[in-house]
Amino acid sequence: MLVFENVSKVYPGGKRAVDHLDLEIGEGEFICFIGPSGCGKTTTMKMINRLVKPTDGKILLNGKNILEQNVVELRRSIGYVIQQIGLFPHMTIRDNIALVPRLKGVPAEERNKRAEELLELVNMPKEFLDRFPHELSGGQQQRIGVLRALASNPPLILMDEPFGALDPITRDSLQAEFKNLQQSLGKTIIFVTHDMDEAIKLADRIVIMRAGQIVQVGSPDEILRNPADDFVRDFIGKDRLAEAQQHFQTVGQIMNPDPVSIGLGATLSEAVRTMRRRRVDSLLVTDDAGILRGKVTIEQIDRNRDLDAAVADLMERDIQTVRADTLLRDATRNILVRGSKYVPVVDARKRLIGIITRTNLVDVLYDSIWGEEDDEEQDAVVNEAAAAPQTGEGS
Amino acid sequence: MDAIRSFFSEYGGLLLEKTWEHLYISFAALLLGVLVAVPLGILLVRIPKVAGFIMSIVSIVQTFPSLAILAFFIPLLGIGKVPAIAALFLYSMLPILRNTYIGVKNVNRNLLEAARGMGMTSFQRTVRVELPLAVPVIMAGIRMSAVYLIGWATLASFIGGGGLGDFIFDGLNLFRTDLVIGGALPVTLLAILLDWVLGRVEYHATPKGIRGQGGAA
Ligand SMILES: Nc1ncnc2c1ncn2[C@@H]1O[C@H](COP(=O)(O)OP(=O)(O)O)[C@@H](O)[C@H]1O
Ligand SMILES: [Mg+2]
């Protein structure tokens, strides 16, 4: 619905605030512009409702160049919420909310109804309509600021750090409230912020800017998983990145890639030797193609005294596996809940490629609680893990 | 007591007439001042390049001695009420102009930007945002101007403009203390009364939402 084509803004004095910006925004999208102070977020936003005139390039709204539209009508058709709340102190809440409808010549009765209706959206009682802004708390005022932008039902709303001045608790509740509102109303939102948590929480897509240019555009997940460069990584912050990494860590990333296995055709005595040598109490059984077929444990062998029997005859065939690309957080639940000591990791063709043990999981959990203090050399432990998995309980 | 009673029986009618003249001259000058200075003040905010220049001219005019200004108007407009009003009008301008300029200029930039961003025309911004928010400051200028004018209007007497100055200057010429007091006292009372009345006007003209918050938002 909104397209930036090679848009630049050079302020008088030569400051290049926006530099060859290309961006396409879809209907109903919640877009967050984020970046350090002075990177051109506000300028970019203000070019949309023509508070700032682009030096170069085109901005198309629903296919039409905004510069070719009547500026007053254009602005009345775009909701606008500014940083410092910006309610008019001399107008009642009613008049503030219904300002744009009034400018558009909507009759008083209808305006009034609309103001009441909107107030209900944020669960504020009608009595507020006749109050003045200074009689409201900061959070209430900014709610009204948002309602005012919604009053004439514009499809597109611009918001410049609207919750920046609020205390963290109020901000949190307003963010949640607003996200719900946006989804239920299907508005396209362009939201400027310098708070990464806010962007992650609200945005469908985040646009990261630096010195007037776009560094990366993507969903919060995409950006957290694959930051484009060091700037983005720095901007996201170490803590958040580490957290996200855990969030998106796959089984493949933490598994032990060297599971102790044995061929289908091997005998039980060979199996016992392998177990002793590798100091494990069970073996995974694979066929010639490396496909996982089952497992044998030392107890099973112990019960069956015929050491010349083939592993294939004794093995347990029905075992739980996990794919390497499974998100760790999904796998963890299964493994911990089922109480398995370990789970073999397979690829798409069911070939055995690793093993994940309770010890792996416990290490990851410790890391997420205390941070990664030392190196990631967990292999030493893992090698023994299948045999000694008693650490997991109670963590 | 008797002296007061006899003063009123002898000069009562004249006193009323002169008081009326005094008010007439003052109000005429004030009205002209408001009509010219308020729009000019708003305009100046829009053209910051000339604003400084105009404001300094007005300030300089203000420093001319009042009598000199009055005398200056005699060759142009002769003597009587018209030159008196013209001169007083010039004087009333500065406080009103300055306060309008400052009041409008100090309206929160963010509010004006919000107004612009929401699609108010320039005229709508002036009438619905700038003026209402500047009312307390503009009114303070008008009040100050009005009180000064009541005092300065006394000098109108010098160029035949009439007013309570006639009493005072006659009294001074004739060494008649009763006439001096009979003229000066009403001038003082008028000034106090007018200040109070305009104070009420200011209160009611100020939008309810910004009353008692120290003026411009
Ligand atoms: N009206 C202006 N005149 C000159 N330079 C400006 C103006 N507005 C913003 N700038 C400059 O343009 C750059 C981008 O500003 P802005 O868009 O407000 O950044 P952000 O909102 O990301 O903090 C900054 O360096 C700022 O100083
Ligand atoms: Mg900004």
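Mentor: Let us begin with pairing: two strands count as paired if DSSP finds at least two bridges between them. By that criterion β14(A) and strand β15 (residues 342-346) of chain A pair, for two bridges join them and they run parallel. Please bear in mind throughout that this is a predicted model.

Trainee: Which residue stands opposite A:Val345 in β15(A)?

Mentor: The residue opposite A:Val345 is A:Val322.

Trainee: What is the order of the strands in the open sheet of three strands?

Mentor: As a general idea, strands of a sheet pair through backbone hydrogen bonds, either parallel or antiparallel. Here the order is β14-β15-β16 in chain A, and the pairing is mixed. Since β14 (322-323) and β16 (352-357) of chain A each have a single partner strand, they stand at the edges, so one side of each is left without a neighbour in the sheet.

Trainee: How many of the residues of strand β8 in chain A are buried?

Mentor: A residue is called buried when its relative accessible area is under 20%. Strand β8 (residues 188-193) of chain A is mostly covered, with six of its six residues buried.

Trainee: Which residues point one way from β8(A), and which the other way?

Mentor: In a regular strand the side chains alternate between the two faces of the sheet. A:Thr188, A:Ile190 and A:Val192 point one way from β8(A), while A:Ile189, A:Phe191 and A:Thr193 point the other way. The residues of both sets are buried.

Trainee: Which strands pair with β8(A), and do they run parallel or antiparallel?

Mentor: Strand β3 (residues 30-34) of chain A is joined to β8(A) by five bridges, and the two run parallel. In that pairing, A:Ile34 is placed opposite A:Thr193. Strand β7 (residues 156-160) of chain A also pairs with β8(A) in the parallel sense, over five bridges. There, A:Ile157 faces A:Ile189 as its opposite residue in β8(A).

Trainee: Which unit do β7(A), helix α7 and β8(A) make?

Mentor: Together with helix α7 (residues 168-185) of chain A, β7(A) and β8(A) make a right-handed β-α-β unit.

Trainee: Which residues are around ligand 1?

Mentor: The surroundings of a ligand are read as a list of residues, and then by contact. Around ligand 1 are A:Tyr11, A:Lys15, A:Ala17, A:Ser37, A:Gly38, A:Cys39, A:Gly40, A:Lys41, A:Thr42 and A:Thr43. By class, this shell has three nonpolar, five polar and two charged residues. Its largest share, three residues, comes from helix α1 (residues 41-48) of chain A.

Trainee: What distances separate atoms of ligand 1 from atoms of A:Tyr11, A:Gly38 and A:Thr42?

Mentor: A nitrogen atom of ligand 1 lies 3.4 Å from a side-chain N or O atom of A:Tyr11. For A:Gly38, a backbone N or O atom is 2.6 Å from an oxygen atom of the ligand. The side chain of A:Thr42 has an N or O atom 2.6 Å from an oxygen atom of ligand 1. Of the 560 Å² of accessible area that ligand 1 has on its own, the protein covers 61%.

Trainee: Why does A:Ser282 count as buried?

Mentor: A:Ser282 counts as buried because its relative accessibility is 6%, where the cut-off is under 20%. This residue is found in strand β12 (residues 282-286) of chain A. Its side chain makes a polar contact of 2.6 Å with the side chain of A:Tyr342.

Trainee: Is A:Gly35 buried or exposed?

Mentor: A:Gly35 has a relative accessible area of 0% and is therefore buried. The residue lies in the loop between β3 and α1 of chain A.

Trainee: Which backbone angle of A:Arg50 deserves attention?

Mentor: Phi of A:Arg50 is positive, about 65°, although the residue is not a glycine. A:Arg50 is found in the loop between α1 and β4 (56-61) of chain A and is partly exposed, at a relative accessible area of 23%. A:Asn153 likewise has a positive phi, near 55°, and its place is in the loop between α6 (138-150) and β7 of chain A.

Trainee: How many helices and strands are there in chain B?

Mentor: Chain B has eight helices and zero strands. Buried residues make up 48% of its 217 residues.

Key:
Residues numbered from 1 in each chain as written. Chains lettered and ligands numbered in written order. Predicted model: local features only at pLDDT ≥ 70, side-chain atom pairs only at ≥ 80, totals over all residues. Heavy atoms only, no water. Buried < 20%, exposed > 50% of the residue type's maximum accessible area, 1.4 Å probe, protein only. Helix = DSSP H or I, 4+ residues; strand = E, 2+ residues; numbered from the N terminus. Right-handed = clockwise from strand over helix to strand, strands pointing away. Near = heavy atom within 4 Å. Polar contact = N/O pair within 3.5 Å; in protein donor to acceptor, adjacent residues only side chain to side chain. Areas by Shrake-Rupley, 256 points an atom, 1.4 Å probe, with all protein chains shown as cover. Nonpolar A, V, L, I, M, F, W, Y, C, P; charged D, E, K, R; others polar.
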